[in-house]
Amino acid sequence: MQVDQETATYKKSNFIRLLILINIGLAFVLLCVQLSSKISPESFWIFEPLSYTYPFIVIINIAFVLFWGIRKSKYAFLSLAVIIMGYDKFALMYQPPLFVMESPVSKNQIKVMSYNVRLFDLYNWSGNLKTRSEIFDMLQKESPQVVCFQEYYHSDEKDFSNNDTIGKLLKLDYHQIEYGLTLKGKYHWGLATFSNYPIIKKGLLFFTPGSTNFGMYCDVIYNKDTVRIYNVHLQSNHLKAKDYKFIDDPSFKDQYKFLEGSKSIFKQIKKGVAVRSRQVDELSAHINSSPYPVIICGDFNDPPYSYAYSRISQYLQDTFLEKGKGFGISYNGSFIP
């Protein structure tokens with residue numbers, strides 16, 4: 001009987017040791033993720049994909065804090081210390097509703113919307129033929145004074161003639177529309193900004209013909225002052241259909257398929273982060289040289305724990321941090337929200 005107890009104690013101690021090693025490893029990974037926003041992917045790219053894992057890694061570390069806390073173990077401070085060190089990252093993931101103070105809307109405030117419309121569901125990805133009209137209904141209901149579209153599509157034919165439709169629908173008389181790709185002279189893909197305020201200057205950033213991932217800015221007159229509005233769509237990871245299929249079903253049983261699937265995804269992410277880092281460096285320099293207050297809208301194709309976000313948000317206010325509630329999910333796809 002005593003031998004059985006000793007065996008059980010030995011196994012239990014080995015299990016605890018294993019948990020401690022796992023905890024140390026995951027705390028270190030969390031630390032690396034939190035530091036990734038400070039390191040350019042061009043210098044060390046492997047840190048950037050780790051930023052996608054932050055929600056999962058931090059939740060596991062919180063679980064370790066609770067586990068060791070219940071056991072009244074000193075190891076609870078291991079993950080807790082790392083989480084506290086990166087509290088600013090946690091705040092980007094979740095904002096407690098109780099901490100947000102409601103304030104009345106002032107007449108001097110401007111209502112701005114940023115919206116990736118995914119080509120207004122041109123290819124019927126949603127399986128809903130009413131998507132475009134539903135987008136228009138929502139826009140009309142919200143009535144923004146400035147709206148920035150990414151993955152914007154316009155056709156010179158009537159079926160998807162969006163330029164005039166949006167301007168008239170929202171009663172926005174001024175616009176900046178730039179196309180990165182045009183086919184057959186009448187089908188256009190790019191970015192668009194519609195404004196209720198006069199636009200006095202327009203410009204392009206990191207523009208490459210044939211690509212819809214670029215940036216632009218326009219200066220608008222607002223209450224006798226000038227405000228610069230950026231509308232950007234940073235480089236996509238361009239994951240293919242087979243990559244999304246692998247994400248949905250990783251095929252753990254087939255080692256070769258798993259390695260090939262993982263390799264393909266990391267290859268695309270590596271290319272994406274390298275281009276985004278160059279784009280965001282150019283964008284940040286342009287923002288810092290602006291003679292006017294700036295508003296930045298866009299699809300950054302990166303989580304808020306990334307180098308891209310860190311560079312863009314420097315010296316600026318994040319609307320989610322200021323007024324957001326709950327989880328800060330802006331894209332709810334099959335990859336990582």
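Tutor: The accessible surface of the chain is about 19,700 Å², with 59% of it on carbon and sulfur atoms; such areas come from the Shrake-Rupley method with a 1.4 Å probe, and for residues only the protein chains shown count as cover. This is a predicted model, where local features need pLDDT of at least 70 and side-chain atom pairs count only at pLDDT 80 or more, while totals for chains, interfaces and linings use all residues. Residues are numbered from 1 along each chain as its sequence is written, and side-chain values use heavy atoms, with hydrogens and water left out.

Student: What makes S51 count as buried?

Tutor: Buried means under 20% relative accessible area, exposed means over 50%, and partly exposed is in between (1.4 Å probe, protein chains only). S51 has 0% relative accessibility, so it counts as buried. Its place is in the loop between helix 2 (47-50) and helix 3 (54-70). Helices here are DSSP runs of H or I with at least four residues, strands are E runs of at least two, and both are numbered from the N terminus.

Student: Which residues is S51 in contact with, leaving aside its neighbours within four places in sequence?

Tutor: V33, S36, P303, Y305 and S306, where contact means heavy atoms within 4.5 Å.

Student: Why is D88 called partly exposed?

Tutor: D88 has a relative accessible area of 43%, so it is partly exposed. You'll find D88 in helix 5 (residues 87-93).

Student: What makes strand 4 and strand 5 a pair?

Tutor: Two strands pair if DSSP finds at least two bridges between them. Strand 4 (residues 174-183) and strand 5 have nine, in the antiparallel sense. The two form a hairpin with three residues between them, and K184 in the turn has a positive phi of about 55°. Strand 3 (residues 146-155) also runs antiparallel to strand 5, joined by eight bridges. H188 in strand 5 is the bridge partner of T182, and H154 stands opposite H188 too.

Student: How do you describe the packing of helix 6 and helix 7?

Tutor: Two packed helices are described by the angle between their axes and the distance between the axes. Helix 6 (residues 131-142) and helix 7 (residues 162-170) pack at about 30°, with axes 10 Å apart. Axes are lines fitted to C-alpha atoms, for helices over the stretch in contact, and angles run from 0 to 180 degrees between N-to-C directions. R132, F136, L139 and Q140 in helix 6 meet N162, T165, I166, L169 and L170 in helix 7.
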